[in-house]
Amino acid sequence: MDVREEIIMASTLDDVRLEEGLREVAAGFARAVAGGDPEAVVPTCPEWPLRVLVGHIGQAYGYAARVVRKGEVPPVPDPWQAEPGAPAGWETWLRESTEDLIGAVRETGADTERWTFLGPRPARFWLRRMLADTAVHHYDAAVTTGVAFEIAGDLAADVFAEGVEMLAAPGAETLKPELVELRGRGERIGVRPRGMDGWVIIRTPGGIRYERGPVEADVVLSGEMADLMLVCSRRLPLDDERVEVTGDGVLLEHWLARMAF
C-alpha cells in the first residue's frame, strides 16, 4: 500500500475525540445561525443564502449516514433542495443530524470500509470529513450573522491536516485534474502554528508530500492554528494581521490559489 494511502485513513484525533469534535463544531455552527435571516447572503459563499448553508450541513450529515449504514453510494444531494425548515427548528435539526451520523458510524463500526470519493476508507472518514466541512462553514455562518468564531486548536489542526492529506491522496488528481498544478520541483511550504508541531508541504514532480515536525521551508505561514486553518480554507487573506508570512510569498499565493478541493 502507498504510504500516502495509509496516512489519508488516519486522523490526528482518536474516535472519541472525533465524535466530541463533530458535536462541538456542529453546536458552534448551530449557535452561529440561530436567529439569522434565512435569506442573508453568506459573504464567503456568495452564491448561497444562509438557509442553503444550513441545509447543506444537515443534508450532508444525512448523506454520510446513509453511505455508512447502507454501504451504497446515494446520488450527491443538491444543497438548494435541502429543507432545513423554519429557523426556530434549525438547532434541533442539526443536532439530530449530527447524532444520526455518529450513530451510523458506531453501529457500522468505525473500521468498516465504506465508499468515499477517494476510494474505500474506514467509516470514521465521514466523521472527520463532516467535522472539517462544518468547521469551515461555522466560520461562514459566523461572519454572516456577526457572531464570534471559535474552534479548539486540536480540531483546527485536524481540519488542516485532512485538507493536505486529501491533496496528497492517490487518485486526487483524477477527481480534480487542476491539482496537477500543485506539482513542483521540491519547493517547501511551511505551516507553523503556535504551541504545536507544524507541517512542511513538499511539491514534487509526482505530487504533494508532507511532513510533520520542525518547519524549514521556502515560505512559512505562522499564527494561531485556527487562523492558519482559515487562511488555508481561503477564508482569511494572507495580509490579515493575525498571520505572518516569511519567505517566498509568491509560492504561498500560488499554493493557496490552487489547493481548494
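A: Leaving aside residues up to four places away in sequence, Ala260 is in contact (heavy atoms within 4.5 Å) with Lys176, Leu179 and Arg234. The model is predicted, so that local features require pLDDT of at least 70 and side-chain atom pairs pLDDT 80 or more, while totals for chains, interfaces and linings use all residues. Residues are numbered from 1 along each chain as its sequence is written, and side-chain values use heavy atoms, without hydrogens or water.

Although 93 residues separate Ala260 from Leu167 in sequence, their C-alpha atoms are 8.8 Å apart in space. Ala260 counts as partly exposed because its relative accessibility is 27%, a class between buried (under 20%) and exposed (over 50%), with a 1.4 Å probe and protein chains only.

The account now turns to the cysteines. The count of disulfides, pairs of cysteine sulfur atoms within 2.5 Å, is 0. Cys45 takes part in no disulfide, since the nearest cysteine sulfur, belonging to Cys232, is 17 Å away. Likewise, Cys232 is in no disulfide, and the nearest cysteine sulfur to it is that of Cys45, 17 Å away. Cys45 counts as buried because its relative accessibility is 13%. Cys232 is also classed as buried, because its relative accessibility is 10%.
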